[in-house]
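Biologist: Could you take me through this model one part at a time?

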Amino acid sequence: MAKPESWRLIPASYPILLDVQTRFQDLDPNGHLNNVAFAALFEHGRVRLNRDVRPMGERPGNERTMVAAVTINYLREGSYPDDVVVASGIGRIGSSSWTIEQAMFQHGHCIATCDTVVVCRTDNAAQPLRAELREQLEKMLTTGPIG
């Protein structure tokens, strides 16, 4: 897996920063956060982002989202009981999907990045994103590379 671009390793590149407590059950036999814990911590940040973009009460009843792909790039070991910061933002907006770009930080270092493709379906079929949804997603864009 390619090394992430340098801007991905900076918390300020993301519009949402979420402090998350690690748990003892997140440890592997070597005393480090295991790969399932990384996935769960990123999921927590992703759900919080999606709830900000699409509040439950404002979602059309026939509109559903699903995760189509998740890619995690492990950069460093994580430790317990130290908290992590899960940074999240929108990286790409397509016609019926978007990519959530995330990074996880501990002790000032990026320990992992995650890209998740989310597909929006209306009446069980991919449809163009509603204008209101696209507008909300655009408010959450990551800063990305400069220049």
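This is a predicted model: local features need pLDDT of at least 70, side-chain atom pairs count only at pLDDT 80 or more; totals for chains, interfaces and linings use all residues.

Biologist: How many helices and strands are in the chain?

Modeller: The chain has two helices and six strands; helices (H or I, at least four residues) and strands (E, at least two) are DSSP runs, numbered from the N terminus. From the N terminus on, their order is β-α-β-β-β-β-β-α.

Biologist: On to helix 1: which of its residues are buried?

Modeller: Among them are Ala37, Leu41, Gly45, Arg46 and Val53. Buried means under 20% relative accessible area, exposed over 50%, and partly exposed in between (1.4 Å probe, protein chains only).

Biologist: What covers the buried residues of helix 1?

Modeller: The cover includes strand 1 (16–20), strand 2 (63–74), strand 3 (84–93), strand 4 (97–106), strand 5 (109–122) and helix 2 (131–138).

Biologist: And what is at the start of helix 1?

Modeller: There, a side-chain oxygen of Asn34 comes to within 2.9 Å of the backbone nitrogen of Val36. This is a polar contact, a pair of N or O atoms within 3.5 Å; within protein, one must be able to donate a hydrogen and the other to accept it, and residues adjacent in sequence count only if both atoms are side-chain atoms.

Biologist: How many residues has the largest nonpolar core?

Modeller: That core has 13 residues, and those with the most contacts inside it include Val20, Phe38, Val86 and Met104. Strand 1, helix 1, strand 3 and strand 5 each supply at least two residues of this core. A nonpolar core is a set of buried Ala, Val, Leu, Ile, Met, Phe, Trp, Tyr and Cys residues joined through side-chain atoms within 4.5 Å. A second, separate core of twelve residues includes Val53, Trp98, Cys120 and Met140.

Biologist: How many aromatic pairs are there?

Modeller: A search of the whole structure finds three. Rings of Phe, Tyr and Trp (its six-membered ring) pair if their centres lie within 6.5 Å; planes under 30 degrees apart count as stacked, over 60 as edge-to-face and the rest as tilted. Phe38 and Tyr74 form an edge-to-face pair, with 5.2 Å from centre to centre and 80 degrees between the planes. Because Phe38 lies in helix 1 and Tyr74 in strand 2, the pair ties together parts that are 36 residues apart in sequence.

Biologist: Are those two buried or exposed?

Modeller: Phe38 is buried, at 3% relative accessible area, while Tyr74 counts as partly exposed at 39%.

Biologist: Last topic: where does Glu63 lie?

Modeller: Glu63 lies in strand 2 and counts as buried, at 3% relative accessibility. A polar contact of 2.7 Å joins its side chain to that of Arg130.

Notes: Residues are numbered from 1 along each chain as its sequence is written. Side-chain values use heavy atoms; hydrogens and water are left out. Contact means heavy atoms within 4.5 Å.
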